[in-house]
Amino acid sequence: MLTRYFPSALGALLMTFALFLGMYLLIKPPKMVKPELPEHRPVIIGEVEPVAPLRQKIRKPDIIDNTTEIIDFPPPTTTTEKPTVTIGSSFPLTPPGSGIVAPKMIGLAEGDMQPITKLAPRYPNGPQTKGIEGYVVVRFTVTRTGSVENVEIVESTHSAFERPSLQAVEKYKYKPRVLNGVAVDVPGVMEKVTFQLEEG
């Protein structure tokens, strides 16, 4: 009976081995060929300079002289000084082109303009406390009605004196100039307003 099953078992064993061998050949990875690498040759590098240190010395700043200069300011004026404002006489300019201002000093001609009301301007507080004096020259037009128009500054020694001078001159009143029985405008009238402190 054993002789009957022996050839069958041997055939099954051979068949199994053949299948196993076939499966192995199918899944066997290809043989890896190691590539030939060129011969390594050392690279010769020249001498390398040493790296400079990163930390650098910081230069100390120059010593600044902390001494301060003492400025002597003049002492303020005493309160005993009284401000006064002097108003000069009004006079018209000479005809254009002459370049000369000719005031009418003596003897106004009949019918010429004459001042009626002149109010002195207020002395500004700033210049008064600092003892500053000066003057303002204004130019204006005396109209045929005796009022004042077109007031402008011609010369000034301090800007604080300008506004009070303009406000005061705008309120002036004149007897207008009369020519041939007709009142006329008188342009270019100039006047000097002086701001002065008096001791007392």
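Analyst: Happy to. There are four salt bridges in the structure, and I'll take three of them in turn. Keep in mind as we go that this is a predicted model. The general idea is simple: side chains of opposite charge can pair when their charged atoms come close.

Start with Arg177 and Asp112, whose closest N and O atoms sit 2.8 Å apart. Arg177 belongs to strand E7 (residues 177-179), while Asp112 is in the loop between strand E2 (91-92) and strand E3 (114-117), so this pair links distant parts of the chain, 65 residues apart. Both Arg177 and Asp112 are buried.

Next come Glu191 and Lys118, with their side chains meeting at 2.6 Å, N to O. This is another link between distant parts of the chain: Glu191 is in strand E9, Lys118 is in the loop between E3 and helix H2 (125-130), and 73 residues separate them. Lys118 comes out at 27%, so it counts as partly exposed.

Then there's Arg144 with Asp185, where the closest N and O atoms are 3.6 Å apart. Arg144 lies in the loop between E4 and E5, and Asp185 in the loop between strand E8 (182-184) and E9, so the bridge ties together parts that are 41 residues apart in sequence. Arg144 is exposed, with a relative accessible area of 51%, and Asp185 is partly exposed at 37%.

While we're at the loop between E4 and E5, have a look at Ser147, which is also placed there. The side chain of Ser147 makes a polar contact with the side chain of Thr143 at 2.9 Å, and a polar contact with the side chain of Thr145 at 3.3 Å. If you leave aside neighbours within four places in sequence, Ser147 is in contact with Thr141, Val142, Tyr172 and Lys173.

Val142 takes us to the largest nonpolar core. That core has 17 residues, and Phe140, Val142, Val148 and Val169 touch the most other members. Strand E4 (134-142), strand E5 (148-156) and strand E9 (186-199) each supply at least two of the core residues, with E9 giving the most, at five. Strand E9 is also the strand that holds Glu191.

Now zoom out to the whole chain. It has three helices and nine strands, running α-β-β-β-α-β-β-α-β-β-β-β from the N terminus on. Among contacts in the chain with a separation of 6 or more, 76% are between residues 24 or more positions apart. The chain exposes about 17100 Å², with carbon and sulfur atoms supplying 61% of that area.

One last stop is a nonpolar patch on the surface, formed by Phe6, Leu10, Leu13 and Leu14, with about 440 Å² of accessible area together. Leu14 has its place in helix H1 (residues 2-27), and with 53% relative accessibility Leu14 counts as exposed.

Key: Residues numbered from 1 in each chain as written. Predicted model: local features only at pLDDT ≥ 70, side-chain atom pairs only at ≥ 80, totals over all residues. Heavy atoms only, no water. Helix = DSSP H or I, 4+ residues; strand = E, 2+ residues; numbered from the N terminus. Contact = heavy atoms within 4.5 Å. Areas by Shrake-Rupley, 256 points an atom, 1.4 Å probe, with all protein chains shown as cover. Core = buried A, V, L, I, M, F, W, Y, C linked by side-chain atoms within 4.5 Å. Buried < 20%, exposed > 50% of the residue type's maximum accessible area, 1.4 Å probe, protein only. Patch = residues over 30% accessible without salt bridge, like charges linked within 9 Å, V, L, I, M, F, W, Y side chains within 5 Å. Polar contact = N/O pair within 3.5 Å; in protein donor to acceptor, adjacent residues only side chain to side chain.
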